[in-house]
Amino acid sequence: MLTRRTRDLVPLAEHRWRDHALWRCVYCGRAATTVDHFYPYSQGGRSNPANLVPACDRCNSNKMEHDPIDWMTAVGVPADRRDWLASLVSNRDWRAPRGLRLPRTKLDYQAGKLARPAHTPAHELTDQRTASPDNSGE
Ligand SMILES: [Zn+2]
């Protein structure tokens, strides 16, 4: 079951990640119910397929506006998966292979809250719509 805020992003994410019914959270391996901007808007991330990854609500909510690499390190995403995610986000041609397996990983969400915030590029600040953390809730 997908959350409402995610619906518009699903067709874009399906270009790379196939049918959303089969999605697993790229961070923890549980069923994915949301589409996450790997690089958050506040860090210059965009809604293009390369920047969209399936995520469970818990990971997405905890990751929020944190720097993605720093957050993954803080919660304990294994290093090989961090590297894999960073590389595929920069590869427009990548598509999820059929039968992709994402092993479940127990993550430390308390540590995730302390991750470094994403750096907000100056050009994003001039185009001001206040980014409230409440906006992402449903
Ligand atoms: Zn997750």
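Mentor: His37 stands opposite Leu52 in strand E2. This is a predicted model, in which local features need pLDDT of at least 70 and side-chain atom pairs count only at pLDDT 80 or more, while totals for chains, interfaces and linings use all residues. Residues are numbered from 1 along each chain as its sequence is written. His37 belongs to strand E1, residues 34–37; strands (E, at least two residues) and helices (H or I, at least four) are DSSP runs numbered from the N terminus. E1 and E2 (residues 52–55) run antiparallel and are joined by 4 bridges, and two strands pair if DSSP finds at least two bridges between them. Both faces of E1 are covered, with Thr34 and Asp36 buried on one side and Val35 and His37 buried on the other. Buried means that 20 or more other C-beta atoms, placed from the backbone, lie within 10 Å of the residue's own.

The chain as a whole has 6 helices and 2 strands, in the order α-β-β-α-α-α-α-α. Of its 138 residues, 26% are buried. Helix H3 (residues 68–75) contributes Pro68, Trp71, Met72, Ala74 and Val75 to the buried residues. Seen down the axis of H3, these fall within an arc of 160 degrees, taken from the directions from the axis to the C-beta atoms, so they line one face of the helix. They pack against helices H2 (57–63), H4 (79–89) and H5 (109–112). Just after H3, Gly76 takes a positive phi of about 100 degrees.

Notes. Buried ≥ 20, exposed ≤ 12 C-beta atoms within 10 Å, placed from the backbone. Contact = placed C-beta atoms within 7 Å.
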